[in-house]
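Please examine the predicted model shown below.

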Amino acid sequence: MEQPLYEEHPVMFAAHPLLFLLSLALIPVYGLGLLILLSWWLQCLGTTVTVTSQRIVVRKGILAKYTNEVYHEHVRNIRVGQSILQRLFGVGQVQIASAGSADHEIAVADLPRANEIKAIVDRYRTSGAVGALGFR
């Protein structure tokens, strides 16, 4: 039975604190900062990453929707990237490549606890392979 183990939206401040503060400083300049923050917030709100015991699902969009999913058993490579500031705030970019694609199939930036996604997929990817062989 499939169980949700991780569900998050990308974050704004923790991922890019300097850009966030600069946007706040630009609010008095014809509301430019407010437009930047609103656009950024809608983009974060419209992106959801869900990791279950069987698959990774990325949903993007508010009006139009885009969904991409990869089952753990098909994951070939997981890459987690973090800048120094992102490591301090516990966020990062996750890229997942599956056996059926030459490049990464899923790429989402600014996710909280990005390393947790890798740990979950690694745990279920290996336990699924062991279960398939009947050694559980």
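In this predicted model, the count of aromatic pairs comes to three. One of them joins phenylalanine 13 and phenylalanine 20, with 5.5 Å from centre to centre and 85 degrees between the planes, an edge-to-face arrangement. Phenylalanine 13 also pairs with phenylalanine 89: the ring centres are 5.8 Å apart and the planes stand at 70 degrees, so this pair is edge-to-face. The cut-off behind that assignment is an angle over 60 degrees.

The pair of phenylalanine 13 and phenylalanine 89 links distant parts of the chain, its members being 76 residues apart. Phenylalanine 13 sits in the loop between strand 1 (4-8) and helix 1 (17-25), whereas phenylalanine 89 belongs to helix 3 (residues 84-89). Phenylalanine 13 is partly exposed, because its relative accessible area of 37% falls between the limits of 20% and 50%. Phenylalanine 89 is likewise partly exposed, at 39%. Phe13, Phe20 and Phe89 form one aromatic cluster together with Trp40.

At least two residues of the lining come from each of strand 3 (55-60), strand 6 (91-98) and strand 7 (106-112). Strand 7 contributes the most to the lining of the largest cavity, with three residues.

Technical notes:
Residues are numbered from 1 along each chain as its sequence is written. This is a predicted model: local features need pLDDT of at least 70, side-chain atom pairs count only at pLDDT 80 or more; totals for chains, interfaces and linings use all residues. Side-chain values use heavy atoms; hydrogens and water are left out. Rings of Phe, Tyr and Trp (its six-membered ring) pair if their centres lie within 6.5 Å; planes under 30 degrees apart count as stacked, over 60 as edge-to-face and the rest as tilted. Buried means under 20% relative accessible area, exposed over 50%, partly exposed in between (1.4 Å probe, protein chains only). Helices (H or I, at least four residues) and strands (E, at least two) are DSSP runs, numbered from the N terminus.
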